[in-house]
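User: I'd like to learn how to read a helix and a metal site in a model. Could you take me through one?

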Amino acid sequence: MTKVSFLTGRELIDEEMIYVPDEHTSTRPAIYLDNGRLRCNRCNNTKNFSSHRCARCGKVCTYCRNCIEMGKISSCTTLYRWNGPAPKHPDHAGTLHWTGTLSEGQRAASVNVKQAIIHSSEHLVWAVTGAGKTEVLFQGIAAALSDGKRVCIAAPRSDVVRELAPRLAAAFPDTPPIALYGGSPDRSSYSPLVVTTTHQLYRFYQAFDVMIVDEVDAFPYTFDPSLQFAVQKARKESSSLIYLTATPNTEWQSEVKSGKRDATLIPARYHRHPLPVPATRWCGNWKKTILPVSVQLWVKEKLNEGSRLLLFYPHIETMDKALPLFKEIDPRIESVHAADPLRKEKVELMRRGKIPALLSTTILERGVTFQGIDVAVIGAEDAVFAESALVQIAGRAGRSAECPTGEVVFFHYGKTEAMRKAIRQINEMNKLGVERGLIDE
Amino acid sequence: MKQCLLCENNTEMETWLLFFGAKSSSLCPNCLGKLEKITGPLCRICSRPMKEEGICSDCHSWGESIYAGNRSLYLYNSAMQSLLARFKYRGDYALAAVFADDVRREAKEAECDVICAVPLSPSRLLERRFNQSEALIESAGLTHTRLIGRYESDKQAKKSRAERLSAEQTFYPLGQAEGKSVLVIDDIYTTGTTVRRVAEALKEAGACTVKSVTIARSGS
Ligand SMILES: [Zn+2]
Ligand SMILES: [Zn+2]
Ligand SMILES: [Zn+2]
Ligand SMILES: [Zn+2]
């Protein structure tokens, strides 16, 4: 690690600033008064502060509670950034070593992403689940890197970062990306190509010419204005901004339809089969029955057919009650939730086909691919199952070219608007896919 | 309605309770529910949960001292671990408020003449910006008297149990506590070594008895 590779593009607090400031270093206070209102320069928080007598500055000192997990910022904290010349890109940066082919739908998106990157503009890629959105970025990233630009891909969770990094390293072996997340070993390295959790962007300042935000509709990004601020702070004033999503929110959907938002839609999967359309089935008060008869019959039937199942419950409490009942059907059935210490192991067992069915909260709604599964939601009318969650969940079925079909059932105790909208969205995409010749019938 | 100090939820409190002078909590029912109060039979000296009430083997082996015992309030479960880590290591001073009522009540019950915080070494204090023991006392609206100081030392947390037990005295007397009973308030009671060293230094300052109140009881 050299000083330049450590400091370039970063904005750090006293504890992180391990080098003596030089003529290229500029500083600013971490917390300041903005028109009489306290504001944190790292996360833009204006509401969540606390204070105490501080042993460092000897005064009653205010600190930011919002970004404290990234290292405490107080009134007496200084932010350091270094404005010296950045490291040169290696030779052949931007030479693309990926040899796959793009689907027709991907190709259009790839061209548009590349244009947006060249012209430093904004572009949304709305790609259905299983469309293959990562490959859509390759041509644009290659152009940026050959141009000497610095590229960042921000994802909502560290498991996504860890999954993306090796794929990018294979495509761009001359500029292997650094992967940033809490506790990552790459924390103090430099690469023109960065894959990071959105949280780690708090530590960057006007660093990137290309900012790609993956799963822009996902938690926590959509619900946390300070993460959105972090993304803006980390991009250069003149830079491109690429959004990727399978499930844009209602506002963005209508902006795309009315042409107000520059976007490319990929309505079909890479393997040219339609998206499985969810069926809806009334199952009575599942909160009372926990494992309704209709669900039980469906599960038994599917397991007898040799199918593997991914079953969603809205809350841990009901899922915990349901698990023993499922184990009576097959003792190998397991459950996972966000704080499950064995989450990774169970997901891995499911991936390798060792578990016939896995119960899950919404934690597995995105990002996981299990081959050849059928999917059910129990209690689909619950408020946690928004339109986007249901589209994502349905998108777990039929993802691979080997098993491109799969059944999706929403078991419910009263149909909701979110269920109707999700099914409408999936049908619309399939229709568009057929119209554009992206689906073989 | 206030926001919970640990999550996005609001703290709930029945309005009629507020009417009768109950103070609203600083955590939501969900976060509060994850903290486990210590109940059932305890070691009479150190508050260790036991099969039946008595004096635990550790406390037997300590022998005679002016240290009269410890009262711990919560089990050191994973929720408490992450709460105290955020409070002490991340430096989220505001979390001391979670225990304000507990500390105030226990301090009153202990009926001591003065309250003393466990000091940090000068470098540790600079690193952390505040002393967690003082924060707990201040947030309860109580005052602490500086009766002892602490020399620089190696990091306690990294040491094994055996190393900690044999660690040298790092506290020294500062103020006058002639004939006084002293209450020490801290976040965690593990082996009791720290608070017993504190008691020794307080004895040198003239204290006649020392008790402690700690938020969590770790160790088995
Ligand atoms: Zn902040
Ligand atoms: Zn300060
Ligand atoms: Zn809470
Ligand atoms: Zn004991």
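User: Which residues of H2(A) are buried?

Analyst: Buried means under 20% relative accessible area, exposed over 50% and partly exposed in between, with a 1.4 Å probe and protein chains only. In H2(A), the buried residues are Gly105(A), Gln106(A), Ala109(A), Ser110(A), Val113(A), Ala116(A) and Ile117(A). They cover an arc of only 130 degrees around the axis, so they sit on the same side of H2(A); the arc is taken from the directions from the helix axis to the C-beta atoms. This is a predicted model, where local features need pLDDT of at least 70 and side-chain atom pairs pLDDT 80 or more, while totals for chains, interfaces and linings use all residues. Residues are numbered from 1 along each chain as written, chains are lettered from A and ligands numbered from 1 in written order, and side-chain values use heavy atoms, without hydrogens and water.

User: What do the buried residues of H2(A) pack against?

Analyst: Counting contact as heavy atoms within 4.5 Å, they pack against strands E8, E12, E13 and E14 and helix H3 of chain A. Helices (H or I, at least four residues) and strands (E, at least two) are DSSP runs numbered from the N terminus.

User: Which protein donors hold the zinc ion (ligand 1)?

Analyst: Donors are N, O and S atoms within 2.8 Å of the metal (3.2 Å for Na, K and Ca); water is not among the atoms, so sites may look incomplete. Here the SG atoms of Cys40(A), Cys43(A), Cys64(A) and Cys67(A) lie 2.3 Å from the zinc ion, with the sequence spacing C-x2-C-x20-C-x2-C. Cys40(A) and Cys67(A) are both buried.
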